[in-house]
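Let's walk through this fold together, starting with its strands and ending with a few aromatic rings. Have a look at the model first.

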Amino acid sequence: TWITSPNYAVFIVAVLIQSKCNNFCQMVNLCSTQSHLRSSISGCRTAPSDLVFILDGSWSVDDINFEIVKRWLVNITMSFDIGQKFTQVGVVQYSDDPFLHIPLGKHFSSSDLIKAMESIEYMGGNTNTGKAIKFANDKLFALSERGPNGIAKIAVVLTDGKSQDEVLAAAEAARKKGIILFAIGVGSETEEAELRAIANKPSSTYVFYVEDYKAIVKIRKVIRQKLCEGNVKSGSCIAERVSKIVTSISSKLTNKPV
């Protein structure tokens, strides 16, 4: 009979996998709907992700403000568990050209990562944001040892002026590779249209603006929360895709439509 056939065994395994996946989806959804900021952050501290900060190091920033950015960067990073199985952080500073300060996966402890961040020196130069986004896509995310294995890929672009090169093509290419882009504009020289072109949609979720560098501390908590949500949503999408595949397999085995 069919019950004793190999197909039945495969069907049972498929159902069990789907059940586990559904439980995971429910767990992820629970995390993403936590109303309290602290609970949201705690729920995804250990979510695996590749997180890259793309920092404007042009002349308009100046060395004093760049030190503020570095402190902000350290405070954001402390929200995550650092390690190969958790969050890997990369840092790019850009002006005329991008410079890789911290490759993804180089530091597997928070203390080592913070030391590396604190040692970053301000560059100075022009503002080629598009080139920096392309660099992050090609030289960090594409070369991540974890590859496209369901890891959340998130880039945070922090800039205080209009780019001197084109940003949309680079941002779109990154999005096609599954990279979630946030854009943070600092000061009056930034252009809203450019920030919207860089960031994912909706802009209300992925675009931020502050009046000056001292004010970036005001958005630290909300950025933490958004980064957490980025991790959670990525995991949810992957679980749902796996669940659909398993559902399709089980449907074929039972000759029932999905």
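Strands β2 and β3 pair in the antiparallel sense, over four bridges; two strands count as paired if DSSP finds at least two bridges between them. Helices (H or I, at least four residues) and strands (E, at least two) are DSSP runs, numbered from the N terminus. Three residues lie between β2 and β3, and the two strands form a hairpin. Within this pairing, Q93 has F99 in β3 as its bridge partner.

Before we go on, a word on the model: it is predicted, so local features need pLDDT of at least 70 and side-chain atom pairs count only at pLDDT 80 or more, while totals for chains, interfaces and linings use all residues. Residues are numbered from 1 along each chain as its sequence is written, and side-chain values use heavy atoms, with hydrogens and water left out.

Now widen the view to the sheet. Six strands make up an open sheet with mixed pairing, in the order β3-β2-β1-β4-β5-β6. At its edges are β3 (98–102) and β6 (207–210), each pairing on one side only. From one strand to the next, the twist averages 20°. Strands β1 (residues 49–56) and β2 (residues 87–94) run parallel and are joined by eight bridges, with V52 standing opposite G90 in β2.

What lies across β1, β2, β4 and β5? Helix α3 (residues 63–77) does, running at about 170° to β1. Axes here are lines fitted to C-alpha atoms, for helices over the stretch in contact (heavy atoms within 4.5 Å), and angles run from 0 to 180 degrees between N-to-C directions.

Rings of Phe, Tyr and Trp (its six-membered ring) pair if their centres lie within 6.5 Å; planes under 30 degrees apart are stacked, over 60 edge-to-face, and the rest tilted. By this rule there are three aromatic pairs. The ring centres of F53 and W72 are 6.3 Å apart and their planes stand at 85°, so this pair is edge-to-face. F53 belongs to strand β1 and W72 to helix α3, 19 residues apart. Both F53 and W72 are buried, where buried means under 20% relative accessible area, exposed over 50%, and partly exposed in between (1.4 Å probe, protein chains only).

F66 and Y122 form a tilted pair, 5.7 Å centre to centre with 40° between the planes. Because F66 lies in helix α3 and Y122 in the loop between α4 (110–118) and α5 (129–141), the pair ties together parts 56 residues apart in sequence. F66 is buried, at a relative accessible area of 1%, whereas Y122 is partly exposed at 22%.
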